[in-house]
Amino acid sequence: MTAPRLALLASPAAEAQAALAELQRIHGAYPPAEADVIVALGGDGFMLQTLHRHGALGRPVYGMKLGTVGFLMNQYRPGDDLLARIASAEPAVLHPLEMHAQTEAGACVTSLAYNEVSLLRQTRQAAHICIELNGQVRLEELICDGVMLATPAGSTAYNFSAHGPILPLGANVMALTPIAPFRPRRWRGAVLKAGTEVRFRVRDPLKRPVSATADSHEVRDVTEVRVRESSERPVTLLFDPEHNLEERILIEQFTV
């Protein structure tokens, strides 16, 4: 069997660059468009960058973190047979969120999010946000610091820190979670079907400006944000069997 062609990518960190040079010496170097597997060396942030830059190619991505194991990464172990690890890896298919943000200036900005789309107040003024699901108003006015919609893969990150639920991978649901809600004070969010279109409308955006962020892509002064799961841009991450993504999500739910 022919060995898979690897596209080796690394963050600017010194350890990642040193590992990149060693792996390129062993496996050669292919551009992502010509590779069978993309190997990302760095942290979870670099993994998200890799997915945003190369996810449209449809290549599976095997990540390795230098040091402790990142949530989206496998451990980097010098001397291990990388091709054997990739061959035995278990796939996890992720469906990103697609954000369409309308700004006060009239621009419409589209971006993908593999973790979450979050809306946050830009000033000391609390945000006033109306929430619609599939065209129906479900919450007329949420007064808060912000609100987010998270994927299962992203539910253990910012969403969990905001007291949102951890979602099992493959459950076909999303987490809608308020950030520091003031009114309604008892609303703690909702779990939605993956196909739900969520529309956030910002009340009084000039007095109470709000930004929207899809992973790390921020859009300032938004007036309306529509978000739904993208069925056209799935990505496949590869994990060592002992550290597959489903097991990590499960472990997070029992960590105290």
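Reply: Start with the contacts of Asn115. Beyond its neighbours up to four places away in sequence, Asn115 touches Leu48, Leu149, Ala150, Thr151, Ala153, Gly154, Ala157 and Asp215. Asn115 sits in the loop between β7 (108–113) and β8 (116–121). Its relative accessible area is 12%, so Asn115 is buried, the cut-off being under 20%. All of this comes from a predicted model.

Leu48 is a buried residue of helix α2 (residues 44–54), along with Phe46, Met47, Thr50 and Leu51. An α-helix has 3.6 residues a turn, so residues three or four places apart point the same way.

Follow β17 next. Strand β17 covers 235–239, and the loop from there to α5 (245–252) holds Asp240. Asp240 counts as buried because its relative accessibility is 3%. Its side chain makes a polar contact with the side chain of Tyr62, at 2.7 Å. Leaving out residues up to four places away in sequence, Asp240 touches Tyr62, Asn74, Arg77 and Arg85.

Gln102 belongs to strand β6 (residues 97–103). It is partly exposed, with 30% relative accessible area. Outside four places in sequence, Gln102 is in contact with Ala107, Cys108, Asp221, Val222, Thr223 and Glu224. Pro168 is elsewhere: Gln102 and Pro168 are 66 residues apart in sequence and 31 Å apart in space, C-alpha to C-alpha.

Asp221 is in the loop between β15 (217–219) and β16 (222–229). At 36% relative accessibility, Asp221 counts as partly exposed.

Asp204 also has a positive phi, near 50 degrees, and is likewise not glycine. Its loop runs between β13 (198–202) and β14 (210–214). Asp204 counts as partly exposed, at 42% relative accessibility.

One peptide bond needs a look too. Arg183 and Pro184 are joined in cis, with omega about -10 degrees. Pro184 lies in the loop between β11 (173–183) and β12 (190–193).

Finally, the whole chain. The secondary structure comes to five helices and 17 strands. The radius of gyration is 20 Å, close to the 18 Å that the globule rule gives for 256 residues, so the protein is as compact as a globular protein of that length. Along its principal axes, the C-alpha trace spans about 60 × 40 × 30 Å. Of the 256 residues, 48% count as buried. Among contacts with a separation of 6 or more, 66% come from residues 24 or more positions apart.

The protein exposes about 12,400 Å², and carbon and sulfur atoms supply 51% of that. There are 25 positive and 28 negative side chains. The centres of the two sets lie 8 Å apart.

How values were computed:
Residues are numbered from 1 along each chain as its sequence is written. This is a predicted model: local features need pLDDT of at least 70, side-chain atom pairs count only at pLDDT 80 or more; totals for chains, interfaces and linings use all residues. Side-chain values use heavy atoms; hydrogens and water are left out. Helices (H or I, at least four residues) and strands (E, at least two) are DSSP runs, numbered from the N terminus. Buried means under 20% relative accessible area, exposed over 50%, partly exposed in between (1.4 Å probe, protein chains only). A polar contact is a pair of N or O atoms within 3.5 Å; within protein, one must be able to donate a hydrogen and the other to accept it, and residues adjacent in sequence count only if both atoms are side-chain atoms. Contact means heavy atoms within 4.5 Å. The radius of gyration is taken over C-alpha atoms; the globule rule is 2.2 Å times the number of residues to the power 0.38. Accessible areas come from the Shrake-Rupley method with a 1.4 Å probe; for residues, only the protein chains shown count as cover. Lys and Arg count as positive and Asp and Glu as negative; His and the chain ends are not counted. The place of a charge is taken as NZ of Lys, CZ of Arg, CG of Asp or CD of Glu.
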